[in-house]
Amino acid sequence: MSLYIWMVIMLLASVLWLIWFLYNPLKIDALDLEKSNIELGRQKQAELEQDLQDGLIDQSVFAQAKDEIAQVLAVEIGQTTTYPQQQKSPTIGLILLVAAFFLIAPLATYQLLTSNENAPVAAEKTPTLTQRIADINQRLAQTPNDAKAWRLLGFALFESNKIDESLQAYQRSYQLDAKNAQMLTEYASTLAISQNNQFTGRVSTLVREALEIDKNLPDALYLAGWVAINAQQFELAQKLWKKAILLSKNKADKAVLQQILGELLQLQNAKTPKPTDAKKSLTAHQVTIKVALPQRLLKPEFEEHYLLIYIKAAQGRPMPIAIQKIRLKDFSGVVVLTDDDSIIPSRKLSQTSSVIAVARLSKSGSAMRQASDIEALSPVINVADNPIVNLELK
Amino acid sequence: MLPEIGHFALIIALIAAILQAILPSIGLIVKAKMQGSFALTQLSRPLLWMQFFWLLVAFALLMNAFVVDDFSVKYVANNSNTNLPNVFKMSAVWGAHEGSLLLWSLILALWSVAVSVFSKRLPTQVVNHILIILGLISVGFLLFLLLTSNPFERLDIAPLQGRELNPLLQDFGLIIHPPMLYMGYVGMAVPFAFVLSSLLRGQLDSTWLRWSRPWTLVAWAFLTFGITLGSWWAYYELGWGGWWFWDPVENASFMPWLVATALVHSLSVSEKRGAFKHWTVLLAITGFSLSLLGTFLVRSGILTSVHSFAADPERGLFILIFLTIVVGGSLGLYAWRANLMRSNNKFALLSRESALLVNNILLVAAMLSVFIGTLYPLLLDSLNLGKISVGAPYFNAVFVPIMIPATIAMAIGGYLRWKKDQAGRVVDAMIHITFVVATITLIAYLSIENIYVILAIFLAAWIVLHSLLLLAQRLRQKGKISTSFIGMIVAHIGIAVFLFGATITTQYGVEKDIKMKVNETVEIKGNSFIFRGVERFSGANYTGNKGAIEVLRGKQKIAILKPEKRQYATGMPMTEAAINPSLLRDIYVALGEPLGDGAWSLRLYYKPLVRWIWLGGLLIAIGALLAAFDKRYRRKRRT
């Protein structure tokens, strides 16, 4: 039975209970306040006499105490007010009003309280990506039409560098609910990465759809800027990014946007608005990585293995910022990572500072580290120094 | 889906509470002018029962989420895991903020249901007024729960395993201490509701005074029992061997207790003699306001304590606003109705009323001393005027001297007559027993050097002997002895037992923090502690080291104590003390850290009469319950 059926049952039970007692009010006691106070006055008189017998009050003040009890009772009787007495049942209008309120108020409150729960709430102890993917898959096995879960799966797979699988998950989420602007933005971004940062074709369609739903979504405005760059509409890109900066609540996002906007303005001022060069000219830094291989890895059995050479942040998410994946047989000994190798357009290699260079030899070529992989890590380096890093796979 | 049903049940409970406050009020305001006004006034009870039912459903569903390890519920994921024994999974429901607040709301509804069911001697319309006030309080707490502390909040991605429940809370003490304490805290809402409904009706009459007293006594009994349990739990669970730390959160429960103590005494005067009405009203308002203040201190995050929940300024702000509305509103109502509380009942300086007034003033002064000691450092800190620490030295210097005359007055009060007494008669009645007490104190003075112990002997003897003499006199008169009177005697003796136990254990307790090697022996008060070593062990959700300390008295083996140092799965360490208890003394051992070469640090305590502290608390609670079930409060209604 669905949640809403349960809610309706709960509400109906409550409303029936209420209507029953409106038609059949609980009987009022014969004892009213005046009688109660009179009875208590008598009891106090009796207790006073008992106190006298027990020696708890002196004979000389007994009469005075007795008078006081009588005086108090007289005042209390004077204060007594009247209350509604049993009469006809409430009108049908009143009953309907109460019932309608009881039916609507809980549902409206529930709607109000749960409408703010769209943003994922992170557990204090963040599970690993693999765990998260497993959890979402488990959830999807029970509710395969959960568009939100498909979107979360797409995001988790993207984080795991499984771009193709991520696109499939986003596609499924899109089929189930094409009206989620945030999902459309993520889908467009992932699609653009899969087509070497080309913001054309379906990517631009998705971005347009996202903006049709929410014209003020900063992420969608940011992507729309890149779509405009691809279409050589630099003025439009400038407008879109300025709006994104205004609307963005995230300081880091704002900083990135301001940086690329600044570079775009510089390019325009220098009157070199060659659109295809615009993105490239943002590339300012590179990291050169030399990898030394021991003799045993030069044997033919390793030729088909993959060498993943990448840069990741020194702290934070382990996902690569820029990466090259090469068959060992094709490896020359040196790799130069630039912004063109960046995985996410919004997170260029040049925009990072403290990073670690990693070389990993993998039989499967999977982005996720396997137990049999051989890995070498550099110390923390600064991208702005255009460093040359020497790594040795042991 | 079950957590969503639980959440929805809470919302229905909130709507029921809102209607419980509004519909009967409409009925009472419009009276006969509207058809159906009677039915509206009579809805307070059905709506309350409905509210209670849905709260019970929500509570059961939250408990179910814990038992079935539903980690998609954030609260469950943060406070339980699959390795937690089932009994602690259930008690973990109130192990953190959200669940404990749900328990709080459930207990408030339970108290309200009790009022609606057991107030058969109260006129129906008076009960309706009281339930309106209790409904308003419920609205405040349910809004707090739903707006800032939803226990059914879901995680988008459920973790495979939950976090660890605070190991301190994985104990029998957690199962009973918070519910008992909440029964006391929330119970203070009942006398508050009685007072407010009387102020609203404009009838501060005998009915209010007579019938609010048993409820106050029951709430006070629970508060006493809850605080006593907390002290006992802290003693054996925290591994420090202490029973009271003047922790701000302990103080937060102690302040309403002091006010409730004053209130039960003040009510007895108001009820019998019609005096002290102003005072009684203010005490009832203060008692509940202090309960709310305690809630604010624990849940706002301004305190760091074993009791405090996660810092959350939003929650703090909500309770502060609620507290302001409750205190401001009730004091405003008090000012409006002040003219109704005039009393012409006079009493002499030497009378039982005067003794009870002195007792009340001293209790309130004691409460204020705790209030200042608790809030002053917080105030300084919040104003950036520096950090100061107010601890035991302050409270011992300020609180204890106020309580000494209060204890002396407590015994005298029982001998005084209502309204007026003669000094000569009182002296005659007390002289013999005073002589005996003086003799006992003199003997103590000659044989004991410790002034605090001499003082404790004097006060304990003073209370116990006077109480017993009072009982003997009543028996000799062959008058009726009420349960209320026996309750008073038991509670007063409880104070003496507590006072004596606390002083003796503080003054004569021995504490040694030492390094011990295997088979090394340490002597404490004629007991030999032989360290037999440490072994690794594992429990359901922890591993750790278990020490073995053999305790001998002469050549007779008393016990082998096995203190533990646990390491829970999440890495949280925990000390489990080992205790050999008896009514006369406790032997207490806690395992510290390894110090190399097979040596360990150990804490060895010898605690004489420490159990008397909790025995005293228990006697006070029993005394209060006996008084609450006095025949006067069970008298059948005449029809």
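Trainee: What is the strand order in the open sheet of three strands in chain A?

Mentor: Strands are DSSP runs of E, at least two residues long, and helices are runs of H or I of at least four, numbered from the N terminus. Two strands pair if DSSP finds at least two bridges between them. Here, in a predicted model where local features need pLDDT of at least 70, the order is β4-β1-β7, with mixed pairing. Residues are numbered from 1 along each chain as its sequence is written, and chains are lettered from A in the order in which they are written.

Trainee: Which strands stand at the edges?

Mentor: β4 (334-337) and β7 (388-392) of chain A do; each has a single partner strand, so one side of each is left without a neighbour in the sheet.

Trainee: How many bridges join β1 to β7 in chain A?

Mentor: Five, and β1 (residues 287-292) and β7 run parallel.

Trainee: Now chain B. Is B:T228 buried or exposed?

Mentor: Buried means under 20% relative accessible area, exposed over 50%, and partly exposed in between (1.4 Å probe, protein chains only). B:T228 belongs to helix α10 (residues 206-237) of chain B and is buried, at 13%.

Trainee: Which residues is B:T228 in contact with, leaving aside neighbours within four places in sequence?

Mentor: Contact means heavy atoms within 4.5 Å. For B:T228, the residues are B:W614, B:G617 and B:L618.

Trainee: And where is B:L583?

Mentor: B:L583 lies in the loop between β8 (578-580) and β9 (585-596) of chain B. B:L583 is exposed, with a relative accessible area of 51%.

Technical notes:
Predicted model: local features only at pLDDT ≥ 70, side-chain atom pairs only at ≥ 80, totals over all residues. Heavy atoms only, no water.
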